[in-house]
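Biologist: I would like a close look at a single part of this model. Please take it step by step, in short sentences.

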Amino acid sequence: MTTADRCTAALTNPDSIVTMRQTSERQDMDVFEAMEKRASVRAFKPGQVPRDELLKIIDAGRRAPSGYNHQGWQFIAVIDPAILRQLGQIQDCIGQASAAVAVVMEETRFWKEDASAAIENMLLAAVALGYGSLWVEGYVLRQEPLARQILGVPDDLRVIAVLPVGHPAKEARQAEKKPLDAVLHWNRFGQRDS
Ligand SMILES: Cc1cc2nc3c(=O)[nH]c(=O)nc-3n(C[C@H](O)[C@H](O)[C@H](O)COP(=O)(O)O)c2cc1C
């Protein structure tokens, strides 16, 4: 089996992370569609996030690449409404979400890159399952002692981000992106044509 065959098999495998059989009212979503649909959601309406789907999202984070395969992450699945409300002190919308995932890291050489890879995997998985989410890192880092206290995280670990997960209050729209032509170079910087 070639690498291309393996990639195709992974994308069409019903057990793969992003192309997964959705519940009856949802369509299959491949990784490209998930990347297009992903958008920062900052307002949520009430609605369940079943435990098995929250676990699928976190499992996607666990599968991310990491420097030296260190995997220095711990994920806190927050489902207690009282704790979600407290996390709303960090950024309002976390308090409206049905669940959240806090990303806790050992400070290894590539800890921010490793966390980022896990976070993006989880954002895409959340979209593939029909939920909205948000990468809350700026607000968390500004109030890390509060996040640490709410979540009971030991002092030798960093709380880098909290991802609220829930049902978007309105249709989510991804922020405008620069066109591909504006960021693409062929072979050497500045060469715009192939
Ligand atoms: C490292 C990082 C930190 C971020 N921190 C926050 C945050 O604390 N609060 C927030 O509302 N959005 C945060 N965001 C989301 C960005 O504002 C958002 O991704 C960006 O505006 C583009 O919008 P899009 O996600 O819809 O493409 C963060 C994103 C990244 C990558």
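Biologist: Which glycine follows H6, and is its phi positive or negative? Please walk me through the helix as well.

Modeller: Keep in mind that this is a predicted model. Glycine 130 follows H6, and its phi is positive, near 95°.

Now the helix. H6 covers residues 111–128. That makes 18 residues. From its first C-alpha to its last, H6 reaches 26 Å. This is close to the 26 Å expected at 1.5 Å a residue.

Next, look at what is buried. The buried residues of H6 include Asp114 and Ala115. Ala118 and Ile119 are also buried. The run from Asn121 through Met122, Leu123, Leu124, Ala125, Ala126 and Val127 to Ala128 is buried too. What lies over them? The cover includes two helices, H2 (31–37) and H3. It also includes the strands E2 (73–78), E3 (99–105), E4 (132–133) and E5 (158–168).

Take H3 from that list. H3 spans residues 51–62. The axes of H3 and H6 come within 7 Å and cross at roughly 145°. The crossing of H3 past H6 is right-handed. On the H3 side, the contact is made by Lys56, Ile57, Ile58, Ala60 and Gly61. On the H6 side, these meet Ala118, Asn121, Met122, Ala125 and Ala126. By class, the residues of this contact are 7 nonpolar, 2 polar and 1 charged. Each of the five H6 residues, Ala118, Asn121, Met122, Ala125 and Ala126, is also on the buried list.

Now return to phi. Most residues other than glycine have a negative phi. Two residues in the loop between H3 and E2 go against this: tyrosine 68 and glutamine 71. Tyrosine 68 is not a glycine, yet its phi is positive, about 55°. Glutamine 71 is not a glycine either, and its phi is also positive, about 50°. Their surroundings can be counted. Tyrosine 68 counts as exposed because it has 10 C-beta neighbours inside 10 Å. The cut-off for exposed is 12 or fewer. Glutamine 71 has 16 C-beta neighbours inside 10 Å, so it counts as partly exposed.

Definitions and conventions: Residues numbered from 1 in each chain as written. Predicted model: local features only at pLDDT ≥ 70, side-chain atom pairs only at ≥ 80, totals over all residues. Axes fitted to C-alpha atoms, helices over the stretch in contact; angles between N-to-C directions. Helix = DSSP H or I, 4+ residues; strand = E, 2+ residues; numbered from the N terminus. Left-handed = near helix turned anticlockwise from the far one by under 90°. Contact = placed C-beta atoms within 7 Å. Nonpolar A, V, L, I, M, F, W, Y, C, P; charged D, E, K, R; others polar. Expected span 1.5 Å × (residues − 1). Buried ≥ 20, exposed ≤ 12 C-beta atoms within 10 Å, placed from the backbone.
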